[in-house]
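Subject: Model for you, with notes on its pockets

Hi,

Here is the structure I promised. Please open it alongside these notes.

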Amino acid sequence: MKQFLSVADVSSIPQLVEEALEMKNGHVQFNEFGQGLKLGMVFLNPSLRTRLSTEMAAKNLGMEVQVLNMGSDTWGLEFGEGAVMNQDKPEHVKEAAGVIGRYFDIVGLRSFPGLMSKVEDDAETVFRSFGKYVDKPLLSMESATRHPLQSLADLITIAEHSKKKRPKIALTWAPHVKALPQAVPHSFAEWMLATGHELHIAHPAGLELDPSFTDGAFITHNQQEALEDADFIYVKNWSMREPYGKTYNGGGEWMLREDSLKGASEAKIMHCLPVRRNIELSDELLDSPRSMVLNQAENRLWSAQVVLKKMIESIHEKRKETVGH
Ligand code: CP
């Protein structure tokens, strides 16, 4: 695996989930698999779970890890092709990514969307620029359009806790105090639909997601309709795509609370975290046995570990080919 951004980068998702669970359950260990290899984790935005779980996963595989917080610790980056660099960005991504690629064997990148230009964000300008110049396997630790390590962890969590082969999954919009990216809901829809799950999406009118991610899901503006008999309910805020990046005014009644679950008595509640308590989800739900949020966060370790293992496999294969020639 040379890149991890979307489902298209994975040859078999069920196999990836199975391998992750085998590692989690201690059936197989790869303590020395990545020995001698270095992971560089580059953060353009804050993180708690991604930072800790990905570093831990790499160390479990025997890798060395370094973390770079770009912005506060480094030079401001220019991305424009042919830019005349007479403003406040002293370093171009061509050199920055090129240098990082010389120091590390695998590079992880967190690059949130700017939420200013839909065209730029949908094109994954930052992630793709790094991919072009880093010349090493590139791992998305959440980028403009997707959060694949989170979606894989969500899939592992559902596989572990589902009593049914094909559970009903509902993704519901929730209110928030600021404009958030669409990366988590897009990615969640992409991974659920790619694995044949029944996905229902509920949001107020005006908060439509990109159909290229949601094609195949049942979409409604009626939250109760989506939640009816759901086995898993994923709660998430996202900002508007039209006008792009704006917060939705209102929608307070969309906060998920115990009352919302009258038609879904068995439902487990999911959220990627961090969560705004009593804005997105009520205390009573987050503190109840229905809540899967810590299980999802725990599984971030295993999603990162199985993906890094796949990338290390590619490095080993490439080295064997080079020696063979
Ligand atoms: N869910 C998630 O990616 O958490 P962090 O932003 O804290 O890494």
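First, the ground rules. This is a predicted model, where local features need pLDDT of at least 70, side-chain atom pairs count only at pLDDT 80 or more, and totals for chains, interfaces and linings use all residues. Residues are numbered from 1 along each chain as its sequence is written, and side-chain values use heavy atoms, without hydrogens and water.

A pocket here is an open set of points on a 1 Å grid over the protein atoms alone, where a 1.4 Å probe fits, with protein on both sides within 12 Å along at least five of seven lines; lining residues have an atom within 4 Å of a point. Volume is the space filled by probe spheres set on the points, which are joined across faces, edges and corners.

**Largest pocket**
- The volume is about 600 Å³.
- The lining has 28 residues, with Phe112, Glu142, Leu180, Pro181 and Pro274 nearest the centre.
- Helices α2 (49-60) and α7 (183-194) are the elements that give two or more residues each. Helices are DSSP runs (H or I, at least four residues), and strands are too (E, at least two), numbered from the N terminus.
- Domain 1 (7-146 + 299-324) and domain 2 (149-296) each contribute at least three lining residues. Those bounds come from an automatic or database domain assignment.

**Second largest pocket**
- The volume is about 350 Å³.
- It has 20 lining residues, and Phe79, Glu120, Asp121, Thr125 and Val126 are closest to the centre.
- β4 (77-78), α4 (118-122) and α5 (125-134) each supply at least two. α5 gives the most, with three.

Best wishes
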